[in-house]
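Subject: Structure for your study

Dear colleague,

Please find below the structure that I am handing over to you. I would ask you to keep it open while you read the notes that follow it.

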Amino acid sequence: MLTAQQALDHLLSHANPVHEHENVPVQAALGRILAENVQSLVDVPPLDNTSMDGYAVRTADTASSGQVLRVAQRIPAGSVGTQLEPGTAARIFTGAPIPPGADAVVMQEDCAIPEGSNDQVLVNAVPAAGQWIRRRGEDLSTGKTALTAGIFLRPQELGVAASAGLTHLNVKRRVKVAAFFTGDELALPGEPLKPGGIYNSNRDTLLACLRSLGCDASDLGIVPDRLDATREALRCAGKDHDLIITSGGVSVGEEDHIKPAVTAEGRLDLWQIAIKPGKPLAFGAVRKSDQGDDEAWFIGLPGNPVSSFVTFLLFVRPFILKLQGRDITATPSYFVRADFDWLKADRRNEFLRVKMNERGGLDIFPNQSSGVLTSASWGDGLVDCPPGQAIHKGDLVKYIPFDALLK
């Protein structure tokens with residue numbers, strides 16, 4: 001069996017980014033992947049402006065505190081002032097352009113109105129040249145790259161695009177993923193459970209994971225435990241999708257039909273990896289049609305809910321990121337103190353569900369069974385425990401937070 005790293009390297013070596021893109025309004029680009037660099041159409045800010053409410057002054061007039069200046073003009077945001085003459089100040093408000101001649105702003109808390117005056121200001125601080133002034137183009141200059149190709153567009157990127165004067169963005173088309181689930185024991189919430197039946201939790205977990213990554217996810221439902229039905233589902237899924245994901249049916253029992261079905265409809269390159277939970281992970285491809293060489297990638301996940309969830313995060317997520325054309329970085333992790341003993345060293349690489357405690361250490365969920373999905377809901381991350389290694393209280397362990405894997 002391949003190690004986790006060997007399996008991930010194998011998957012990523014086959015993932016070629018999608019090339020098609022589309023032009024969409026900035027407001028519709030959330031969660032999309034930028035297809036090309038974009039340049040700012042304007043200087044941001046367009047003029048030198050103040051970052052504080054206060055008074056625009058000439059430092060030559062305020063070399064010592066206690067100077068009294070005549071307030072010659074008032075400049076709210078959206079207005080442009082006139083030349084600031086020696087011995088005068090301009091009342092100015094956050095975001096307003098600095099008037100010609102001024103070279104500093106004194107915030108209003110450092111100023112006072114002399115008693116009985118309605119057109120003077122007492123400056124009680126000595127400003128430095130450039131104080132509280134935001135320079136033209138200090139954020140973006142005209143023609144400067146505002147956003148780079150390959151990034152995942154979050155709310156802040158859409159704000160940058162708007163500030164740069166952009167109305168539309170070229171984004172990669174969404175990666176199309178089909179998901180179906182095998183098991184005659186499965187039912188959907190709201191349906192009656194037959195004897196021996198269980199509700200299908202993997203459907204909601206995996207579809208939510210796919211959509212959180214910005215995929216166009218198709219739910220093909222529950223497929224009966226029959227070879228012909230499994231093959232038909234693969235053919236249907238392969239026609240219009242880049243990737244097919246299944247859950248269940250990847251073990252070696254008589255009712256597990258994924259392996260022969262994928263072999264008949266395409267090819268299988270990887271079968272089983274040395275991790276726990278998640279040993280029965282499959283990878284291959286399915287023909288899109290009887291004619292031509294086009295294929296849809298296939299990843300078969302285990303049926304146990306924790307195994308399915310963990311293998312998605314560790315293998316499917318980075319595979320999809322590469323299909324999207326995003327940068328693939330090492331799984332974010334850092335070393336944290338274990339406040340538990342885990343003395344049952346396994347020959348496989350284990351991923352344990354844990355939670356950070358108020359002391360800065362990690363607690364472990366008491367039941368690490370691959371069928372106990374509440375362990376993933378209770379926890380806030382995984383401990384990556386190497387093969388054959390026990391964990392003792394006080395050991396530093398490799399901690400992978402869920403937040404880093406689900407964003």
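Leaving aside its neighbours within four places in sequence, with which residues is I320 in contact? Before the answer, please note that this is a predicted model. In this model, I320 is in contact with V177, L210, L213, C215, L243 and F312, its neighbours within four places in sequence being left aside.

The nonpolar cores

I320 also belongs to the largest nonpolar core, which has 48 residues. Together with L210, L243, I299, F312, F315 and F319, I320 is among the residues that touch the most other members of this core. Several elements each supply at least two residues of the core: α1 (4–14), β13, α3, β17, β20, β21, α6 (305–324) and α8 (402–406). The largest share comes from α6, with 12 residues. There is also a second, separate core of 17 residues, and it includes V223, V250, W271 and V286.

Strands of a sheet pair through backbone hydrogen bonds, either parallel or antiparallel. In this model, six strands form an open sheet with mixed pairing, in the order β16-β13-β17-β21-β20-β18. Its edge strands are β16 (216–223) and β18 (266–271), each of which pairs on one side only. From one strand to the next, the twist averages 20 degrees.

Strand β13 (residues 176–182) runs parallel to β16, and six bridges join the two.

Helix α3 (residues 201–212) touches β13, β16, β17 (243–247) and β21 (295–301), and its direction makes about 165 degrees with that of β16. Helix α5 (residues 258–265) touches β13, β17, β18, β20 (282–287) and β21, and the direction of α5 makes about 135 degrees with that of β18.

Strand β9 and its partners

In a regular strand the side chains alternate between the two faces of the sheet. Strand β9 (residues 120–123) lets you follow this residue by residue: V121 and V123 make up its covered face, whereas Q120 and L122 make up the uncovered one. Strand β5 (residues 67–75) pairs with β9 in the antiparallel sense over four bridges, and the bridge partner of L69 in β9 is V121. Strand β8 (residues 111–112) also pairs with β9 in the antiparallel sense, over two bridges. There, the bridge partner of C111 is V123.

The largest pocket

About 880 Å³ of space lies in the largest pocket. It is lined by 33 residues, of which R317, T329, A330, T331 and P332 are the closest to its centre. At least two lining residues are supplied by each of α1, α6, β23 (349–356), β26 (396–401) and α8. With six residues, α6 gives the most to this lining.

Backbone details

Most residues other than glycine have a negative phi, and most peptide bonds are trans.

- A cis peptide bond joins V44 and P45, with omega at about -5 degrees. P45 lies in the loop between β2 (38–39) and β3 (49–50).
- A cis peptide bond also joins K276 and P277, where omega is about -5 degrees. P277 is in the loop between β19 (275–276) and β20.
- W132, a residue other than glycine, has a positive phi, near 60 degrees. W132 is found in the loop between β9 and β10 (133–134), and its relative accessible area of 34% makes it partly exposed.
- Q272 is not a glycine, yet its phi is positive, at about 80 degrees. Q272 lies in the loop between β18 and β19, and with a relative accessible area of 21% it is partly exposed.

One further loop residue

Is D346 buried or exposed? D346 lies in the loop between β22 (334–337) and β23. D346 is buried because its relative accessible area is 16%, and buried means under 20%. Not counting residues up to four places away in sequence, D346 touches K276, P387 and G388.

Yours sincerely,
A colleague

Notes: Residues numbered from 1 in each chain as written. Predicted model: local features only at pLDDT ≥ 70, side-chain atom pairs only at ≥ 80, totals over all residues. Heavy atoms only, no water. Pairing = 2+ DSSP bridges. Axes fitted to C-alpha atoms, helices over the stretch in contact; angles between N-to-C directions. Contact = heavy atoms within 4.5 Å. Core = buried A, V, L, I, M, F, W, Y, C linked by side-chain atoms within 4.5 Å. Buried < 20%, exposed > 50% of the residue type's maximum accessible area, 1.4 Å probe, protein only. 1 Å grid on protein atoms, 1.4 Å probe; cavity = no way out; pocket = protein on both sides within 12 Å on 5 of 7 lines; lining within 4 Å. Points joined across faces, edges and corners; volume = space filled by probe spheres on them.
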